[in-house]
Amino acid sequence: MKITIIRAAVAALVRAAFGIMSKVGLTDGAEPFMFMLHIGIGWTAMALVYGVVRRQPAVALRDVLPYAIASGTLICLVVT
């Protein structure tokens, strides 16, 4: 249980750092489209790595697509 709490705390800190760096970057004049493009590529790459490391069974696209669309939309709304 202790590892789970530590993992959750680290995830929260990384997510907070991402939010702060995003706001600073956009405030300092980063182009929003390119910024979101790079973020999207990074999230996709890390999701693939995570899936390979966890060796989870393949899931049908129709089961995952609604969640992916909602998640992507929320991330775009939070950053912009």
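Modeller: Happy to! Let's start with overall shape: the protein chain has a radius of gyration of 15 Å, while a compact globule of 80 residues would be near 12 Å (taken over C-alpha atoms; the globule rule is 2.2 Å times the number of residues to the power 0.38). This is a predicted model, where local features need pLDDT of at least 70, side-chain atom pairs count only at pLDDT 80 or more, and totals for chains, interfaces and linings use all residues. Residues are numbered from 1 along each chain as its sequence is written, and side-chain values use heavy atoms, leaving out hydrogens and water.

The chain has three helices and zero strands (DSSP runs, H or I of at least four residues for helices and E of at least two for strands, numbered from the N terminus). Your part is helix H2, residues 32–54: its 23 residues reach 32 Å from first C-alpha to last, close to the expected 33 Å (1.5 Å times one less than the number of residues).

Phe-35, Met-36 and Ile-39 are the buried residues of H2; buried means under 20% relative accessible area, exposed over 50%, and partly exposed in between, with a 1.4 Å probe and protein chains only. Across the chain, buried residues make up 8% of the 80. Met-34, also in H2, counts as partly exposed because its relative accessibility is 32%. Just after H2, Arg-55 takes a positive phi of about 50°.
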